[in-house]
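Please open the structure in your viewer and keep the selection panel at hand. The tour moves from one selection to the next and says what is found at each stop.

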Amino acid sequence: MKKLFFLLIIATVLASCSGTKDEYTLKGTITGVDTGMIYLQRYDIDQWINVDSVRLDKGQFTFKGKIGLPEMWHLSIPEKQVFVPVFVENARIRLEIYPDSLDKSTVTGSGSHTIYQQYVTINESINKRMEEVYKEWKKAREINDSATMKVTDSLSNELDLELKKQLVTFAKSNNKTVVSPYLIMRNSWQFELEDLQDIMAVMDTSLNGSQYMKTLNKRIEILKSVAVGQIAPDFTLNDTTGTPVPLSRFKGEVVLVDFWASWCGPCRAENPNVVKAFQMYKSSGFTILGCSFDQNREKWLKAIKDDNLTWTHVSDLKGWGNEAGKLYGINSIPANVLLDRDMKIIARNLRGEDLLKKLGELMGPPASAKKTAKKR
């Protein structure tokens, strides 16, 4: 009888442990919000999906369910219009949420979230410096102080590189947690094909089922298809008059496919350099196809006029859902690809003097310089 009693106790304990492993419980309190709805959401393919929702009871809530590998989900509190990130995994997770001061909020019980928070803490000093630099840049822009804007742009690029190095180090050091591919995915705009392949090579195979690994592998395949040396994938979008324009129409010319948007500050800052390149080499067989990530047609057309962008422009007005952008793996703008006369990709993301230098290598001195040399 004693043996049976102890076996029953052991079975109960094991069942309890198994239940914890096979499901998640999110319990929490929200300070300052007693009633209303709270939503558990995840982001998937350009849209938020409601996983669950409950009504608050004196500021308290509980979510229960099952999940495979851990994922970053969010708690949405409409009453305060805030999102609270939490790495959900099959465990008992406790949240203390302060909607008016989110930095004081805490998440305990999720090992993945603890690792994620470690990464956030590591980057606090750099992110604070980034905010300061951005404020300096914004102030300089308001008074048209181009010298200060150039300095702050340079500082921002240096800080971006530092963040990138820290992220790579962190991901490789934590290669058995889904937190790493999640962070790489969130910052994939910083990484070229070789960077991503290098990082993915050290990720533990236990993570292969993660949606973040699948997304990164898909991005690698896209980047392979538009790498230097590949024939540029063709696409067709409407121009400013609504006429369909295929990229292949420009075969026989050296063409820069320029991804930009009217709302993109760095794009607008780069436009004078692109205009300069166009003016210098357009009579030598160089042209540009502007591909906009705009959604507002009027703002798109106004920016084209204001910035004197006198080449062909296309857009499907889907913003970040731009079909050409998806085809070329563009998730940060400004971005561009340079094609030779046979539509082969010969360079990517050329800026300022780098663009002029590459065009000079391909096409020789601009036509204006050739005329001047003849007169002499």
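How many aromatic pairs does the count come to by the ring rule? The count comes to 16 aromatic pairs, where rings of Phe, Tyr and Trp (its six-membered ring) pair if their centres lie within 6.5 Å, with planes under 30 degrees apart called stacked, over 60 edge-to-face and the rest tilted. Before selecting any of them, note that this is a predicted model, in which local features need pLDDT of at least 70 and side-chain atom pairs count only at pLDDT 80 or more, while totals for chains, interfaces and linings use all residues. Residues are numbered from 1 along each chain as its sequence is written, and side-chain values use heavy atoms, with hydrogens and water left out.

Select Phe61 and Phe63 to begin with: this aromatic pair is tilted, at 5.9 Å centre to centre and 55° between the planes. Phe61 is buried at 4% relative accessibility, and Phe63 is buried with a relative accessible area of 1%; buried means under 20% relative accessible area, exposed over 50% and partly exposed in between, for a 1.4 Å probe and protein chains only. Next, select Tyr116 and Tyr182, whose ring centres are 6.3 Å apart with planes at 70°, so the pair is edge-to-face. Tyr116 lies in helix H2 (residues 111–122) and Tyr182 in helix H5, so the pair ties together parts that are 66 residues apart in sequence. Helices (H or I, at least four residues) and strands (E, at least two) are DSSP runs, numbered from the N terminus. For a cluster linked by ring pairs, select Phe235, Phe259, Trp263, Phe293, Trp320 and Tyr328.

Now turn to the sheet. An open sheet of four strands, with mixed pairing, runs in the order S4-S1-S7-S8. Strand S4 (60–65) and strand S8 (106–108) stand at its edges with a single partner strand each, so one side of each is left without a neighbour in the sheet. Select strand S1 (residues 24–30) together with S4, and you will find them paired in the antiparallel sense over six bridges, where two strands pair if DSSP finds at least two bridges between them. Within this pairing, Thr29 has Gln60 of S4 as its bridge partner.

Helix H6 (residues 193–200) is the next selection, with Leu193, Leu196, Ile199 and Met200 as its buried residues. They cover an arc of only 135° around the axis, which puts them on the same side of H6; the arc is that of the directions from the helix axis to the C-beta atoms. These buried residues pack against helix H4 (146–173), helix H5 (179–186) and helix H7 (211–225), contact being heavy atoms within 4.5 Å.

Select the cysteines after that. A disulfide, meaning a pair of cysteine sulfur atoms within 2.5 Å, joins Cys264 to Cys267 with an S to S distance of 2.3 Å. The torsion about its S-S bond is about 75°, so the disulfide of Cys264 and Cys267 is right-handed. The sulfur of Cys291 is 11 Å from the closest cysteine sulfur, in Cys267, too far for a bond.

The last stops concern the backbone. Most residues other than glycine have a negative phi, and most peptide bonds are trans. Asn144, in the loop between helix H3 (124–142) and H4, has a positive phi of about 55° although it is not a glycine. Finally, select Ile333 and Pro334, where the peptide bond is cis with omega near 5°.
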